[in-house]
Amino acid sequence: MRRLPLILSALALVVALFSLVRTPEPTGTKAPSQHAPEATEEHEEVEVAVHMGRIQRYHQKWWAAGHAGNAELAGFYLHEMEEAMEEIALARVVDEGIDISAHMRTYGLATLEGLEKKLKEEGVAAMHADAGLLANTCTTCHVACGHPYLRIVPPTAVVIPDQDLAPAAK
Ligand code: HEC
């Protein structure tokens with residue numbers, strides 16, 4: 001019978017150990033959910049800038065393709081811009097209370113859709129004549145997102161030394 005206290009204290013130890021092991025669990029699950037929005041915000045913010053770098057390059061090439069009268073190539077770059085913008089639209093990026101993803105749908109994607117339609121229905125020259133429209137949309141969205149100093153204009157010249165922008169021979 002002298003073993004009973006020993007068993008009891010062993011049991012108490014097990015209970016204590018168990019609760020020790022268990023206590024971090026609720027805080028462990030709480031902590032990430034409390035910090036998750038912040039973490040994703042930072043993560044997405046980096047991605048927006050990376051996508052923007054690509055979008056800017058495609059914007060230049062799209063303009064140059066339109067300038068060269070290359071409908072196929074201009075359509076290709078419209079599509080590339082669309083894909084990059086769609087990634088931002090789907091990523092639920094909210095930065096300092098501004099819904100960047102929603103703005104991307106309202107400004108960027110809506111304008112690209114209009115340009116795609118114009119290219120299809122009226123041709124590459126008509127689409128190219130609307131180049132200022134896209135640049136304005138870029139800037140308008142930057143203003144809406146709190147970056148009014150990011151002003152985009154249609155390029156006046158684009159140097160792409162390693163790509164022939166003329167329509168391919170068929
Ligand atoms: C959601 C609306 C939105 C649209 C539409 C948009 N942008 Fe942006 N852009 C942003 C945001 C937000 C940033 C800032 C990203 C950051 O804070 O890291 C940005 C940043 C930039 C930058 C600065 C980063 C760099 O690489 O220098 C450039 C350039 C840029 N955008 C170009 C464009 C061009 C060109 C277009 C149109 C073809 C465009 N953007 C359309 C939201 C937009």
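A crossing is left-handed if the near helix is turned anticlockwise from the far one by less than a right angle, and right-handed if clockwise. Helix 3 passes helix 4 in such a left-handed crossing. The model is predicted: local features need pLDDT of at least 70, side-chain atom pairs count only at pLDDT 80 or more, and totals for chains, interfaces and linings use all residues. Residues are numbered from 1 along each chain as its sequence is written, and side-chain values use heavy atoms, without hydrogens or water.

Helices are DSSP runs (H or I, at least four residues), numbered from the N terminus. Axes are lines fitted to C-alpha atoms over the stretch in contact, with angles from 0 to 180 degrees between N-to-C directions. Contact (heavy atoms within 4.5 Å) involves residues including Leu78, Met81 and Met85 of helix 3 and Met104, Leu112 and Leu119 of helix 4. The contact residues divide into 13 nonpolar, four polar and five charged. Nonpolar covers Ala, Val, Leu, Ile, Met, Phe, Trp, Tyr, Cys and Pro; charged covers Asp, Glu, Lys and Arg; the others, Gly among them, are polar.

Helix 4 also packs against helix 6. Their axes come within 9 Å and cross at roughly 175°. Helix 4 is therefore roughly antiparallel to helix 6. His103, Tyr107, Gly108, Thr111, Leu112 and Leu115 meet Leu133, Leu134, Thr137, Thr140, Cys141 and Ala144.

Helix 2 (24-67), helix 4 and helix 6 (131-144) each supply at least two residues of the lining of the largest pocket. Helix 2 gives the largest share, eight residues. The lining divides into 15 nonpolar, seven polar and two charged residues.

How values were computed:
Angles under 35 degrees count as roughly parallel, over 145 as roughly antiparallel, 65 to 115 as roughly perpendicular and the rest as oblique.
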